[in-house]
Amino acid sequence: MQSPATPSPAAAPSKGKSSAQNPSGHHTGATAPSGTPSKGKSAAAQAAAVGQGSSSHHHSAGGGGADASATTLKRKRGVFQKDLQHMMYGFGDDPNPLPETVALVEDIVVEYVTDLVHKAQNVASKRGKLLTEDFLYLIRKDLRKLHRATELLSMNEELKQARKAFDVDEETLATNAV
């Protein structure tokens, strides 16, 4: 029998890599195959480490991480709240949805847009310039999104032309009136 002063082998720290954060804020270390606990960690500690390792750094609310970019890129929550409430109502939700629901939808939307922009930057990195076509390339397989995006782009172009024609008409009226 072991004395209370000596730790049991299961409580001993594991040798090798830990799941601590490196200076860049990303988790390091190899995870054991699922179902097989690594030395020195309880199943709950492993689950917590795996959960931390799979979370992305841009979701943090500035909770003391070592990643400097995560703290400088904090986003304001609730910026899109009113717009999302109206959109949710338009898609059949209650006129006043729960704030938790709106916050969840906002988190999902911001995560999707952020991921899409990062992917578009990776696509455009060879060229050195981010273009609209990079986004269209990324959504090319989702035909509904692609058609809606092209429709909005063509409507935007029509609006630009109309504004340009309106500005020219105002200028000619101003010069003719003098």
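Biologist: How much of the chain is buried?
Modeller: Buried residues account for 11% of the 178 residues in the chain. Keep in mind that this is a predicted model.

Biologist: Okay, and what's it built from, how many helices and strands?
Modeller: The chain has 6 helices and 0 strands. Going along the sequence, the pattern reads α-α-α-α-α-α.

Biologist: What share of the contacts between residues at least 6 apart in sequence join residues at least 24 apart?
Modeller: That share is 34%.

Biologist: Which one gives the most to the lining?
Modeller: H4 does, with 6 residues.

Biologist: And which residues lie nearest the centre of that pocket?
Modeller: Met87, Val109, Tyr112, Val113 and Lys145 do, out of 15 lining residues.

Biologist: What's the lining like by class?
Modeller: You get 12 nonpolar and 3 charged residues, with no polar ones.

Biologist: Now single residues. Where does Gln85 lie?
Modeller: Gln85 lies in helix H3.

Biologist: Is Gln85 buried or exposed?
Modeller: Gln85 counts as buried, because its relative accessible area is 13%, and the cut-off for buried is under 20%.

Biologist: What does Gln85 touch, if you skip residues up to four places away in sequence?
Modeller: Pro97 and Val102.

Biologist: How about Asp134, which helix is that in?
Modeller: Asp134 belongs to helix H5, which covers residues 132-138.

Biologist: Why does Asp134 count as buried?
Modeller: Asp134 has a relative accessible area of 2%, so it falls in the buried class, again by the under 20% cut-off.

Biologist: Which residues is Asp134 in contact with, leaving aside neighbours within four places in sequence?
Modeller: Ala120, Val123, Ala124, Arg127 and Lys129 are in contact with Asp134.

Biologist: Last topic, rings. How many aromatic pairs are there?
Modeller: The count of aromatic pairs is 0.

Biologist: Okay, then what lies over the face of Tyr137?
Modeller: Arg140 does, at 4.0 Å from the ring centre of Tyr137.

Key:
Residues numbered from 1 in each chain as written. Predicted model: local features only at pLDDT ≥ 70, side-chain atom pairs only at ≥ 80, totals over all residues. Heavy atoms only, no water. Phe/Tyr/Trp six-rings, centres within 6.5 Å; stacked < 30°, edge-to-face > 60°. Lys NZ or Arg CZ within 6 Å of the ring centre and 35° of its normal. 1 Å grid on protein atoms, 1.4 Å probe; cavity = no way out; pocket = protein on both sides within 12 Å on 5 of 7 lines; lining within 4 Å. Helix = DSSP H or I, 4+ residues; strand = E, 2+ residues; numbered from the N terminus. Nonpolar A, V, L, I, M, F, W, Y, C, P; charged D, E, K, R; others polar. Buried < 20%, exposed > 50% of the residue type's maximum accessible area, 1.4 Å probe, protein only. Contact = heavy atoms within 4.5 Å.
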